[in-house]
Amino acid sequence: MTKVEAARGSRRSGTHDAKAILKQDPHALRDAKENNLEMAIGHEVRAYRKKLGITGADLASATGISLGMLSKIENGNTSPSLTTLQSLARALGVPVTAFFRRFEEKRNAVFVKAGEGLEMERRGTRAGHQYNLLGHIGNGSNGLQVEPYLITLTADSDVFPAFQHAGLELIYMLEGEVKYRHADKLYAMLPGDSLFFDADAPHGPEVLVSLPIRFLSIISYPEKSGT
């Protein structure tokens with residue numbers, strides 16, 4: 001095998017490995033459970049049953065509901081009566097309202113007009129880095145905090161390759177050129193380049209090559225952690 005063939009094989013293998021990691025289909029459509037009460041109830045009944053480690057037959061026996069009816073409830077194919085929901089709630093050890101949480105859960109969005117991002121004080125502000133927060137949604141159902149920033153570096157900005165905080169970070173270059181450090185590696189970044197990394201390692205702009213520099217920084221971390 002030639003070096004060229006080996007390189008091509010390596011690239012194909014890398015692409016295959018990356019695809020294997022991405023298990024979520026970004027184009028997939030969700031089930032109707034967020035918009036359909038029966039589907040939402042069925043999802044919660046099944047989730048609580050599995051959390052207890054019991055079978056459908058066990059739950060049917062404990063509630064006096066037939067296994068066929070329970071299957072219809074869990075699949076969102078029928079609208080259970082309040083009496084049935086009370087029986088399920090007692091058997092599963094949850095309040096009846098627990099079955100409606102997915103249906104009632106709010107899904108928030110934040111819209112920020114150009115130039116209206118909230119200017120924030122963060123650690124980098126002291127180094128002359130301008131942080132504009134582009135939105136924030138707290139107490140998410142997924143247990144994550146996500147902070148999107150537009151960061152601007154000018155002639156007044158200092159280099160600071162020693163940021164460290166919990167979570168993951170994605171940087172996407174919009175303007176200028178910077179050599180950005182992550183741990184022991186230096187990345188020459190131009191508009192259109194991106195860098196995704198574990199933010200617990202030291203990171204930050206080390207060489208401001210072409211000013212002004214503007215890039216998006218999206219930081220995510222567990223709800224109970226802080227940056």
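Leu-150 of strand E3 is the bridge partner of Asn-132. The structure is a predicted model, in which local features need pLDDT of at least 70 and side-chain atom pairs count only at pLDDT 80 or more, whereas totals for chains, interfaces and linings use all residues. Residues are numbered from 1 along each chain as its sequence is written, and side-chain values use heavy atoms, with hydrogens and water left out.

Strands (E, at least two residues) and helices (H or I, at least four) are DSSP runs numbered from the N terminus, and two strands pair if DSSP finds at least two bridges between them. Strand E3, residues 144–153, pairs with strand E2, residues 130–133, in the antiparallel sense over four bridges. E3 is also joined to strand E7, residues 203–222, by 10 bridges, again antiparallel, and there Thr-152 has Arg-214 in E7 as its bridge partner. Seven of the 10 residues of E3 are buried, that is, under 20% relative accessible area with a 1.4 Å probe and protein chains only.

Helix H2 comprises residues 37–52, and its buried residues are Ala-40, Ile-41, Gly-42, Glu-44, Val-45, Tyr-48 and Arg-49. Just after H2, Gly-53 takes a positive phi of about 75 degrees.

A search of the whole structure finds one cavity of 30 Å³ or more, a cavity being a set of points on a 1 Å grid over the protein atoms alone where a 1.4 Å probe fits but cannot get out, with lining residues having an atom within 4 Å of a point. Of the 14 residues lining the largest cavity, the closest to its centre are Tyr-131, Ile-151, Phe-163, Glu-169 and Tyr-180. E7 gives the most to this lining, with five residues.

Note on methods
Buried < 20%, exposed > 50% of the residue type's maximum accessible area, 1.4 Å probe, protein only. Expected span 1.5 Å × (residues − 1). 1 Å grid on protein atoms, 1.4 Å probe; cavity = no way out; pocket = protein on both sides within 12 Å on 5 of 7 lines; lining within 4 Å. Points joined across faces, edges and corners; volume = space filled by probe spheres on them.
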